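Have a go at each task before you read its solution.

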Amino acid sequence: MNKKIPVGILGATGVVGQRFIQMLEHHPWFEVAWLAASDRSEGKVYADAARWRLKTPIPPAVANLQVSPAAPEGAPKIIFAALDAAIAAELEPRFAEAGCAVVSNSSALRMKQDVPLLIPEVNADHIRLIDIQGWRKQSGGYVVTNPNCSAIGLVMALAPLHRRFGLETVMAVTMQAVSGAGYPGVASLDILGNVIPFIKNEEEKMEEETRKLLGSLNGSKVIPGPFAMSAQCNRVAVEDGHTESVSIRLKKKAQPEEIISAWNNYKAEPQELKLPSAPQKPVVYIEANDRPQPRFDVDTGAGMTAVVGRLRPCSVLDWKFTVLSHNTIRGAAGAALLNAELLKAKGYLG
Ligand SMILES: NC(=O)c1ccc[n+]([C@@H]2O[C@H](COP(=O)([O-])OP(=O)(O)OC[C@H]3O[C@@H](n4cnc5c(N)ncnc54)[C@H](OP(=O)(O)O)[C@@H]3O)[C@@H](O)[C@H]2O)c1
């Protein structure tokens with residue numbers, strides 16, 4: 001039997017860190033060998049350090065692992081990072097300098113010119129930016145990132161349309177789940193029975209990341225997608241799953257059946273390579289006129305599929321629709337895991 005590749009998790013006790021542990025429990029290629037979090041958790045066994053919030057139990061192989069200091073000494077060479085951006089800005093480069101492949105969730109380095117911001121179904125070719133990173137040349141280490149949890153669902157719905165018809169304008173309004181704010185996140189008295197029309201830096205991230213993801217790689221840099229983009233972000237009292245109302249204008253005229261077929265038939269490298277975490281269908285269109293809904297649709301494709309519905313004409317732009325994606329799976333841990341699987345398939349994991 002082939003030996004699994006040991007991986008570490010930085011920020012292992014948080015909302016995204018827990019998802020990593022859950023998704024890695026039966027992973028065919030990787031196994032959790034090292035965990036780190038803040039000083040608060042360091043030295044404790046994982047089961048005591050983490051306030052476990054998921055519906056499946058803590059995997060027995062992880063429950064008794066001791067939480068290590070958040071430093072590269074003694075860490076495995078592949079690190080999944082789920083840290084707050086300010087901490088990630090300091091720690092991720094240290095791990096890359098020490099020769100680690102850092103597969104990051106945080107926004108700290110996403111827009112850095114030589115750091116790939118990846119969705120393997122959308123822009124797998126951007127992975128080549130790794131080759132020009134200074135860390136890669138000096139120690140073999142590097143950083144790859146996945147997008148913000150709202151940008152990812154949106155871009156998965158836009159990518160098939162951008163390829164076929166060209167995007168000219170995108171307007172997106174989000175309704176984002178509370179788990180997107182980490183743990184303990186938004187106070188219950190602020191969110192219950194309420195909508196908060198502000199999430200710090202979220203609109204800026206959605207706008208710039210969407211254009212980087214749908215941009216084209218030109219030598220050593222990404223030329224952003226040539227379309228106008230506006231995002232408005234709201235926090236709502238939903239546990240998991242970000243829903244977005246989207247309006248678009250396309251460069252080429254499209255019939256509704258062509259748009260739906262572009263979504264339903266979309267396949268890319270992860271599906272061709274049969275990467276273990278790749279959903280069979282990255283995007284599905286759902287016909288019922290009151291779907292997608294987080295309660296019913298968020299786990300489609302084990303949480304890795306973007307679910308689209310309600311395609312209809314827009315009287316200002318061309319078309320409008322709704323997209324839903326799981327923020328801690330497709331929008332975080334699952335996204336990073338798929339990035340790591342692509343790295344392995346492309347020979348970047350040694
Ligand atoms: N939640 C989502 O849906 C989502 C989606 C996409 C991206 N992200 C991004 O993923 C990252 C993590 O988010 P989250 O929701 O998991 O946050 P979280 O629940 O607040 O977890 C933060 C983690 O970072 C650790 N940490 C805090 N300070 C540290 C330090 N100085 N050194 C080392 N570790 C430290 C915490 O450890 P302790 O438990 O010891 O404090 C905890 O493990 C963020 O950048 C977030 O923007 C989140």
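**Exercise 1.** Find out which pocket is the largest one.

*Solution.* Start with the ligand: the space it takes is the largest pocket. Here a pocket is an open set of points on a 1 Å grid over the protein atoms alone, with protein on both sides within 12 Å along at least five of seven lines. Next, look at who gives two or more residues to the shell around the ligand: helix 1 (15-24), helix 4 (85-97) and helix 13 (329-345). (Helices are DSSP runs of H or I with at least four residues, strands are E runs with at least two, and both are numbered from the N terminus.)

A quick word on the model: it's predicted, so local features need pLDDT of at least 70 and side-chain atom pairs 80 or more, while totals for chains, interfaces and linings use all residues. Residues are numbered from 1 along each chain, and side-chain values use heavy atoms, leaving out hydrogens and water.

**Exercise 2.** Work out which protein atoms lie 2.8 Å, 2.6 Å and 3.1 Å from an oxygen atom of the ligand.

*Solution.* Take the backbone first: an N or O atom of V16 is the one at 2.8 Å. Then go to the side chains: R40 has an N or O atom at 2.6 Å, and N327 has one at 3.1 Å.

**Exercise 3.** Say how F30 and F80 pair up.

*Solution.* First, the search of the whole structure gives eight aromatic pairs (ring centres within 6.5 Å). In this one, the centres are 6.2 Å apart and the planes make 75°, so it's edge-to-face (over 60 degrees).

Terms used: Polar contact = N/O pair within 3.5 Å; in protein donor to acceptor, adjacent residues only side chain to side chain. 1 Å grid on protein atoms, 1.4 Å probe; cavity = no way out; pocket = protein on both sides within 12 Å on 5 of 7 lines; lining within 4 Å. Sits in = over half its atoms within 2 Å of the grid points. Phe/Tyr/Trp six-rings, centres within 6.5 Å; stacked < 30°, edge-to-face > 60°.
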